[in-house]
Amino acid sequence: MLADSRRYFADAGVMEVETPLACSTAGTDPGLRPLRARYAGPVFPKGRALYLQTSPEFGMKRLLAAGAGAIYQICKAFRNGEAGRLHNPEFSMLEWYRPGFDLAEMMREVRAIARLALDQPELGAVHESYAGLFQSMLGIDIFASSAEELQAQAVRRHVLGAEGMDLDRDGWLDLLMSHLIQPQLGQGRLCFVTDYPASQAALARINPDGRTASRFELFFSGVELANGYHELVEPDEQAQRFEADNCRRRSQGLPPIKVDRLLLGAMQHGLPDCSGVAVGLDRLLMLRLGERDIDRVLSFSLQRC
């Protein structure tokens, strides 16, 4: 699977790169909990706090701003607190960026990579909007529903633990999505979910409608496989989002994450118009082999390392 992926990118003229996995900064997204480490020795004799990267995104964007062109990376990523049937705290990720690609072009390439990795060259694909799925499957208007109304929907539909949870509006949307909608997606074909709410844009651009983000996720057999953006390129907007993330982290009792000023500086220099995507390789391999637990495709999972 890895060899096929590398051949695809070599033939497409996309350069393989490496970026650090241990950095002084990390993503600020409150939904991600980075693992921490500490270096002490030459250069930093008093020590330096480090984060193991949840994604190579920031380093790759600095390369894009430096003129690297189309690039990809196959690497390890780390996320604290994530273990289970579909999660391991250390996992394999494929991430790539295409200058000049819009989201439609990126989704076409993701479809090609997924077919290759799953060894299903004729696998079909459908596109659904996030709001459309909530409306058609749950009868919920995501733009008109409050957090309290979404909670009531979760309780009425017997989502485990919903009565005792204290979530914001996006938290309830995510709970309903993961428990009631996601398991039905991608049955027998790839399913691209597009136009996520603007409040869930992460590092994606906001669409002209002002309500949705230029973001997609890919699902197959009820499993999330990829997350892609038409990338935000404005450094001031990115700085504001970092600060908003840290405000949410504080409100949730989580420590703030040091903002990556080097990334903001690279964006100030000039990040090209591009789209990017991250793909979970372990999950692809699991589905390719017909397994139901990610542990079955990891030589050294959390229990065996």
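Modeller: Two strands pair if DSSP finds at least two bridges between them; strands are DSSP runs of E with at least two residues, and helices are runs of H or I with at least four residues, numbered from the N terminus. The model is predicted: local features need pLDDT of at least 70, side-chain atom pairs count only at pLDDT 80 or more, and totals for chains, interfaces and linings use all residues. Residues are numbered from 1 along each chain as its sequence is written, and side-chain values use heavy atoms, with hydrogens and water left out.

The open sheet has three strands in the order β2-β4-β3, and their pairing is antiparallel. Its edge strands are β2 (22-23) and β3 (35-41), each of which pairs on one side only. Strand β4 (residues 44-52) joins β2 in the antiparallel sense over two bridges. In this pairing, A22 stands opposite L52 of β4.

As for the whole, the protein chain contains nine helices and eleven strands. Its radius of gyration, taken over C-alpha atoms, is 19 Å, close to the 19 Å that the globule rule (2.2 Å times the number of residues to the power 0.38) gives for 305 residues, so the chain is as compact as a globular protein of that length. The C-alpha atoms fill a box of roughly 60 × 45 × 45 Å along the principal axes. Of contacts (heavy atoms within 4.5 Å) between residues at least 6 apart in sequence, 67% join residues at least 24 apart.
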